[in-house]
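The sequence and structure come first.

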Amino acid sequence: MWRDLASIGRDADSGGYRRYAWTRADADCRAWFKAQADTRGLTYELDRNGNQWAWLGDPAAGDAVVTGSHLDSVPDGGAFDGPLGVVSSFAALDELRARGAQLTRPVAIVNFGDEEGARFGLACVGSRLTAGQLTVEAAHRLTDGDGVTLPRAMEAAGYDPYGIGPDPERLARIGAFVELHVEQGRALDLSGDPVGIASAIWPHGRWRFDFRGEANHAGTTRLVDRRDPMLSYAETVLAARREAELAGAVATFGKISVEPNGVNAIPSLVRGWLDSRAADQSTLDTVVTGIEKAAREYAERNSIDLDVVRESFTPVVEFEDALRDELGRILGARAEQPRPLPVLGTGAGHDAGILSGSIPTAMLFVRNPTGVSHSPAEFAAEDDCVAGVTALADVLEGLACR
């Protein structure tokens, strides 16, 4: 399975993946998912929001145990973020069948669409729509960098954009969702454990800073006569790093758009996107407030107009204690030398976090020895991936074979 996926959407120059929503690479990943379901004789479904489902057992029976993740990527992303969870889900199902496990609850594998938000700027679109956390109107307004709206992109890919929306009936049939994911940090590497359990997802959001100045000639305009928004933007980037360090949080300006974007032209507009995350809401508010305050001071000093827009936000997610503890009990009981698995918090967002407000959710992490993610250098050793599959199979058996 890993080899079959390896070439889809991979850029020959960077070695990273460009699997963006409703593109050819996305279509190829979706075809791969359906083929895996068909090969195993699973019941395949495509829901109203473009999420893919593969069912073992009756989808309408209710109280289902669902696992899975996503197959899309960030620009030049790594191979493991998302796909490891989907591949491991199919492998875990194979392991259950090899054990002769007798299911008493339906089991499903899901591929959520557009989790990374690389094309339209909003993460977890598929799960947000399903959970009713993204309105149809707001979804239809999403636009990519080329001006293509989400409805146009879906239509071009052969999907109906006018059928999207909340899917409470589907969520009502799910008793638990467990997502396996490569760790996007080094906590497991430092503890020496191949697998861990998630405790919570930090609150996080994305803010757009629009610095508006005056376009002019780069060679003939005196420095004292310039209204250059790039200066205010650059100072704000440094302020973000400073505020994050003071608070023990993280803040990143990772995307920028410049107009008119000419080498010999002073910009008229610099638009930068801030991603910030912290262990708690109060700390995150402090960091973002501090960054915006600094940005406005720099903008005023340089005669720059500034607008700040919060484009997305996800509050802290505390995974359900009972389900998390049940995972720990199942995996602890099956270990050769029983000991508690590490329980980790994370600053990365996931579909499991979006769904946590609607159904019981939990997450398993697989060790990443480098701690690198959202990069071609992202990695997990084969032995650790196998340990993740075994752990997921144990969890599915413990939850679905009672």
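Arginine 30 lies over the face of tyrosine 159, 5.4 Å from the ring centre; a charge sits over a ring if NZ of Lys or CZ of Arg is within 6 Å of the ring centre and within 35 degrees of the ring normal. This is a predicted model, in which local features need pLDDT of at least 70 and side-chain atom pairs count only at pLDDT 80 or more, while totals for chains, interfaces and linings use all residues. Residues are numbered from 1 along each chain as its sequence is written, and side-chain values use heavy atoms, with hydrogens and water left out.

**Charges over rings**
- Tryptophan 273 has the charged end of lysine 255 over its ring, 4.6 Å from the centre.

**Aromatic pairs**
- Rings of Phe, Tyr and Trp (its six-membered ring) pair if their centres lie within 6.5 Å, with planes under 30 degrees apart counted as stacked, over 60 as edge-to-face and the rest as tilted.
- The count by this rule is 12 aromatic pairs.
- One of them joins phenylalanine 209 and phenylalanine 253 edge-to-face, at 5.4 Å centre to centre and 75° between the planes.
- This pair links distant parts of the chain, 44 residues apart: phenylalanine 209 is in strand β7 (residues 204-212) and phenylalanine 253 in strand β9 (residues 250-259). Helices (H or I, at least four residues) and strands (E, at least two) are DSSP runs, numbered from the N terminus.
- Both phenylalanine 209 and phenylalanine 253 are buried (under 20% relative accessible area, 1.4 Å probe, protein chains only).
- Trp53, Trp55, Phe112 and Phe177 are linked into a cluster by ring pairs.

**Cavities**
- A cavity is a set of points, on a 1 Å grid over the protein atoms alone, where a 1.4 Å probe fits but cannot get out; lining residues have an atom within 4 Å of a point.
- Grid points are joined across faces, edges and corners, and a volume is the space filled by probe spheres set on the points.
- There are 3 cavities of 30 Å³ or more.

**Largest cavity**
- The largest cavity holds about 70 Å³ of space.
- Its lining includes Trp22, Arg30, Asp114, Leu129 and Met154.
- Two or more lining residues come from each of α4 (125-131) and α6 (150-156), and α4 gives the most, with 3 residues.
- The lining divides into 5 nonpolar, 3 polar and 2 charged residues. Ala, Val, Leu, Ile, Met, Phe, Trp, Tyr, Cys and Pro count as nonpolar, Asp, Glu, Lys and Arg as charged, and the others, Gly among them, as polar.

**Second largest cavity**
- The second largest cavity holds about 40 Å³.
- Its lining consists of Trp2, Leu5, Ala6, Tyr17, Arg19, Ala79 and Pro83, with helix α1 (residues 2-6) giving the most, 3 residues.

Note on methods
Buried means under 20% relative accessible area, exposed over 50%, partly exposed in between (1.4 Å probe, protein chains only). On a 1 Å grid over the protein atoms alone, a cavity is a set of points where a 1.4 Å probe fits but cannot get out, and a pocket is an open set with protein on both sides within 12 Å along at least five of seven lines; lining residues have an atom within 4 Å of a point.
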